[in-house]
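Thanks for coming, everyone. Let me put the structure up, and then I'll walk you through a few spots in it.

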Amino acid sequence: MIVPMLMAASTMLAPVAAEPVANPRPAYHFAPARNWMNDPNGLIHYDGEYHLFFQYNPHGDRWGHMSWGHAVSRDLTTWKELPVAIPETDVMAFSGNAVIDWNNTSGLGQNGRPPMIAIYTGFNPETKNQSQFLAYSNDRGRTFTVHGKVLDIGSTEFRDPKVFWHAATKRWVMAVVLAAENRVSFYTSTNLKDWAHASDFGPMGARGKNWECPDLFELPVEGGRPGEKRWVLSVNLGDSGVAGGSGGQYFVGDFDGARFTPVANWGEAPRWMDWGADFYAAVSWNDMPAKDPRRIWIGWANNWDYAQDIPADPARGLMSVPRTVRLVKAADGYRIAQAPVTELERWRTGHKTAQRIRLGEKPVALPVTGGAVELQVEMDVGAAEQASLVLTDAKGYRTVIGVTPAANEVFIDRSRSGPHFHDSFTGHHAAPVDLKSGKVNLRVLVDQSIIELYVNDGTATITDRFFRGGGDLKWSASAKGGAATIRKLDAWTLAKPKPR
């Protein structure tokens, strides 16, 4: 959560030229019915429902009056928006998360049922103080009672708590940022009300004007030693992201319930969660069903550089699709891999497939149209200097997904994706990918005004918004400097499935 002073400065300096055309509402990405939305908050599964709380302004489509909006889903793809869960009072309700207090350590449960506990940052607009508050619900998150402040260190840059139960030490752990210091502080508690400082981590990796929205979770290591597990600490930055503006990085290491220690030789080079401009504040769900071993997170599909100037539809804000997060060990060390949740496959309709599509300078039309689609492409770049998938609207604006073998990169170029509205929006966002074999697999999700690109089983991702000039969207492919081949193409239109 960017503090209001920084938001105000960003707004004053924003070089807005023209309001872009409002795009159709997304089909399968969550957005509120109206108004401003930013960070996902309070991700929790309870009683068959996935809860998505989020930073929300109930009174307008720009940042302000921060409260917790609320939506629920039973399948992570179809969301029902509910009334505001935690409204602004004398403090704004900044980012945080939720837990189920299964053992009622807080004493706030009723009738033998565990309470849902929200831990969030309360921001006092008069004093600028940021401190951690607790609210609780005994009706499945429909209403919350504010218990009050539980952690205050007298800081104006102390926010975005992530809380979870650490089974090995039998206590609660909080990861929370000292934002301006680029540090994550860890606190522990036995009752969610009284917190003791345990350690700090950082600065390390990418630095910026602030760190925000941490998360910490353990994952098995694919390709590691038998039974190996490691902890992933993710941290977001309000600026200095890999694609400009805000972005997110992660660290891999060990956590003993009090202190996070990166693996040996982790180094200072940032490892980015996503190589695009529009994946921020990603946090993961707590209390997944016991039979479901997945770690799933979701991010805000926006960037603080231009967030207040993108078109409203009438909502201004969008989430990514929920993604599974895996941890793999390759020759170059540990890295995360991401994929859309498998539940999204139920949205597939109108399957089209093609093989051995030879690409040259002349664009080849691909057998898929519309604004809500999925493509899976197995490509051999051959002798091409660059191979591209191109998304074109009726006004001739183009968004390009490209592969450049000599540079070992896959990219999205949105420099001509639609009418200009902000100097920080245009750009070419590239992810490093080993292309020595000449082959690459691309999975592309498009939903009206967002592209999520998953490269080689999600070992690299690029998430970018685009705002077209108008009309329908069409796909084509081409290559320059030599021939390339799409060995196999699968494409679907994505549409809400009928109730089972």
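Before anything else, a term: when I say salt bridge, I mean a side-chain nitrogen of Lys or Arg within 4 Å of a carboxyl oxygen of Asp or Glu. Keep in mind that this is a predicted model, where local features need pLDDT of at least 70 and side-chain atom pairs count only at pLDDT 80 or more, while totals for chains, interfaces and linings use all residues. Residues are numbered from 1 along each chain as its sequence is written, and side-chain values use heavy atoms, with hydrogens and water left out.

So, salt bridges. The structure holds 30 of them. Take Asp75 and Arg346, whose side chains meet in one at 3.8 Å, N to O. Asp75 sits in the loop between β3 and β4, and Arg346 in the loop between β21 (333-340) and β22, so this pair ties together parts that are 271 residues apart in sequence. A quick word on those labels: strands are DSSP runs of E, at least two residues, numbered from the N terminus.

Are these two buried or exposed? Buried means under 20% relative accessible area, exposed over 50%, and partly exposed in between, with a 1.4 Å probe and protein chains only. Asp75 is buried at 18%, and Arg346 is partly exposed at 31%.

Another pair is Asp61 and Arg316, at 3.2 Å, N to O. Asp61 is in the loop between β2 and β3 (67-73) and Arg316 is in strand β19, so parts 255 residues apart in sequence get tied together. Arg316 is buried, at 4%, while Asp61 is partly exposed, at 30%.

Which order do its strands take? It's an open sheet of five, running β4-β3-β2-β1-β19, with mixed pairing; two strands pair if DSSP finds at least two bridges between them. At the edges stand β4 (80-86) and β19 (315-316), each with a single partner strand, so one side of each has no neighbour in the sheet. Inside, β1 (residues 35-46) and β2 (residues 49-57) run antiparallel, joined by seven bridges.

Most residues other than glycine have a negative phi, and most peptide bonds are trans. Here, Asp313 to Pro314 is cis, with omega near 0 degrees, and Pro314 is in the loop between β18 (296-300) and β19. Arg140 has a positive phi of about 60 degrees. Arg140 also belongs to a salt-bridge network with Asp47, Glu49 and Arg142.

Definitions and conventions. Helix = DSSP H or I, 4+ residues; strand = E, 2+ residues; numbered from the N terminus.
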